[in-house]
Amino acid sequence: MVPNDDTLFDKVVNLSKRRGFVFQSADIYGGFRSTYDYGPIGVLLLRNVKEQWWRTMVQLRHDVVGLDASILSPPAVWQASGHLANFTDPLVDCRDCGARHRLDKLDDPDTCPSCSKSGTFTEAREFNLMFKTHAGPMVESAAEVYLRPETAQGMFVNFANVLNTSRKKPPFGIAQIGKSFRNEITPGNFVFRTREFEQMEMEFFVPPDDSPEWYRHWCDARMAWYDDLGMPADKMRLREHEGDELSHYSTATADVEFLFPWGWDELEGIANRTDFDLNRHAEHSGTKLEYHDPASGDRYVPHVIEPAAGATRTAMAFLMAAYDEEEVNDDVRTVLRLDSRLAPYKVAILPLSKKPELIDPSNEVLGLLQPHWMCDYDQTQAIGRRYRRQDEIGTPFCVTIDFDTLDDRAVTVRERDSMAQERVAIDGLVAYLSERLPA
Ligand code: GAP
């Protein structure tokens, strides 16, 4: 019984706060608007999303390498990329109520949605979304620097470094996961649009003639990634951009969209960026950014296919897709049906009671499982309530140590979705769980 869309959003936000997925940032000071901190459970979910992306995009491929570039960067980078001139949103203020809106996101560009008055907007101003700060102790003489608004430019700027050191040649990719910052005019929908967020981006450099084929490859591969991790097919779609929606340098772009409670919205963009970025950085830096094939003697500027996803936004989509409620014994059971690879904890170790004789074997089981998986340990409250607490955060397996354990050295393993229970010998527990918990 998946809750209807009107209540799903609130339920997921409440669960996130109540169980320690996501907290409002600077909560004890009244909260810092639109910034969030990932709590003990949320940090695990987010790490798992990023790890699954890295595993698919880097570990399981021979043609993609990783990078971790700096967040602070000089204006020259953003001049070349076009962000200084063009990374803007049109901003309007309502003269009546003072509310500020993004003009391109309004249903009616003449009516303020905050006070419903018409004809009250100021002229639109282009507002640059980059955060600017100063490097060095004296603001007057210090150099202006920017917090990166995307991780992508780190890959373009390091193209030659990676090419010269990694022994890769096109087609090959550079992947990066990291924080990006945008001074969004209208952040909102919980962690969907924030000013500080994490991206998972990959720039795939290909011979120019092969770029349409690689574009299709990455559209298919990225959709398959969400599908493999359990995203329901009816909540996912790939939406190709129409001609007038394309950036001037892109020959093809598609958005991977998820059906959020407020409608279809973007999780990831996949773009054929042609040779635009490498050419711009070559022009502005004076460094040649091209590939010279020693075998054929060919020299060319690779074209780039870019799958660019948001880690924080995608983690939220996985939460929304996994949230479920079902009736069990006249009670409502909340269960996060997360794929076990994304589940914050894989196993919870639950001694049936706090009696000292159960604590030693419980610690033994914990010590046995912790090197393999992220484990939770909980010894208070009735066992039924502890199962429900684990269901609510998506833990695939609970392992209960009871008084029979003292005689038979076996434990009860309960599976989250079916609630089926099985008696398993402690000595066979790692093998039993390994079969059921893929990497
Ligand atoms: N390098 C291309 C690029 O950055 P983008 O569509 O602006 O493209 C890629 O961003 C992804 O980053 C988006 O699909 C979204 O998932 C995530 N993202 C962008 N802005 C965000 C924000 N303000 N808050 C959370 N995620 C954001």
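Student: Is A26 buried, partly exposed or exposed?

Tutor: A26 is partly exposed, with a relative accessible area of 34%. Keep in mind that this is a predicted model.

Student: Where is A26 in the chain?

Tutor: A26 sits in a loop, with strand 1 (22–24) on one side and strand 2 (36–38) on the other. Its phi is positive, about 55 degrees, although A26 is not a glycine.

Student: What is phi of S116, then?

Tutor: Phi of S116 is near 65 degrees, again a positive value in a residue other than glycine. S116 is in the loop between strand 6 (100–102) and strand 7 (125–128).

Student: Buried or exposed, that S116?

Tutor: S116 is exposed, because its relative accessible area is 56% and the cut-off for exposed is over 50%.

Student: OK, peptide bonds. Which residues does a cis peptide bond join?

Tutor: P170 and P171 are joined by one, with omega about 0 degrees. P171 belongs to the loop between helix 6 (159–166) and strand 10 (172–181). As background, most peptide bonds are trans.

Student: Zooming out. How many helices and strands does the protein chain have?

Tutor: The protein chain has 13 helices and 24 strands. Its C-alpha trace spans about 75 × 70 × 50 Å along the principal axes.

Student: And what percentage of the residues count as buried?

Tutor: Of the 439 residues in the chain, 52% count as buried. V424 is buried, with a relative accessible area of 8%.

Student: Which strand holds V424?

Tutor: V424 lies in strand 24, which covers residues 421–425. For a sense of distance, take V424 and G178: they are 246 residues apart along the chain, and their C-alpha atoms are separated by 41 Å.

Student: What about H241, buried or exposed?

Tutor: H241 has a relative accessible area of 19%. Buried means under 20%, so H241 counts as buried.

Student: Where is H241, and what does its side chain contact?

Tutor: H241 is in the loop between strand 12 (236–240) and strand 13 (252–260). Its side chain makes a polar contact of 3.0 Å with the side chain of D255.

Student: New topic, the ligand. Which residues come nearest?

Tutor: There are 19 residues around the ligand, and E150, E184, T194, E201 and E266 come nearest. By class, that shell has 6 nonpolar, 4 polar and 9 charged residues.

Student: What are the distances for T194, Q199 and E201?

Tutor: For T194, a polar backbone atom is 2.8 Å from a nitrogen atom of the ligand. For Q199, a polar side-chain atom is 3.1 Å from an oxygen atom of the ligand. For E201, an N or O atom of the side chain is 2.5 Å from a nitrogen atom of the ligand.

Student: How much of the ligand does the protein cover?

Tutor: On its own the ligand has 550 Å² of accessible area, and the protein covers 89% of that.

Student: Which elements give two or more residues to the shell?

Tutor: Those are strand 11 (196–206), strand 14 (263–274) and strand 17 (303–310).

Student: What lines the largest cavity?

Tutor: The lining includes F21, V22, Y38, G42 and L45. Also among the lining residues are F190, V191, A315, M316 and L319. The classes are 9 nonpolar, 1 polar and no charged.

Student: Which helix gives the largest share?

Tutor: Helix 9, with 3 residues of the lining. Helix 2 (42–59) and helix 9 (311–322) each supply at least two.

Student: Last one. What is the volume of the second largest pocket?

Tutor: The second largest pocket has a volume of about 400 Å³. It is lined by 17 residues, and those closest to its centre are N48, E51, R341, K346 and A439. The lining of this second largest pocket divides into 8 nonpolar, 4 polar and 5 charged residues.

Definitions and conventions: Residues numbered from 1 in each chain as written. Predicted model: local features only at pLDDT ≥ 70, side-chain atom pairs only at ≥ 80, totals over all residues. Heavy atoms only, no water. 1 Å grid on protein atoms, 1.4 Å probe; cavity = no way out; pocket = protein on both sides within 12 Å on 5 of 7 lines; lining within 4 Å. Points joined across faces, edges and corners; volume = space filled by probe spheres on them. Nonpolar A, V, L, I, M, F, W, Y, C, P; charged D, E, K, R; others polar. Near = heavy atom within 4 Å. Polar contact = N/O pair within 3.5 Å; in protein donor to acceptor, adjacent residues only side chain to side chain. Areas by Shrake-Rupley, 256 points an atom, 1.4 Å probe, with all protein chains shown as cover. Helix = DSSP H or I, 4+ residues; strand = E, 2+ residues; numbered from the N terminus. Buried < 20%, exposed > 50% of the residue type's maximum accessible area, 1.4 Å probe, protein only.
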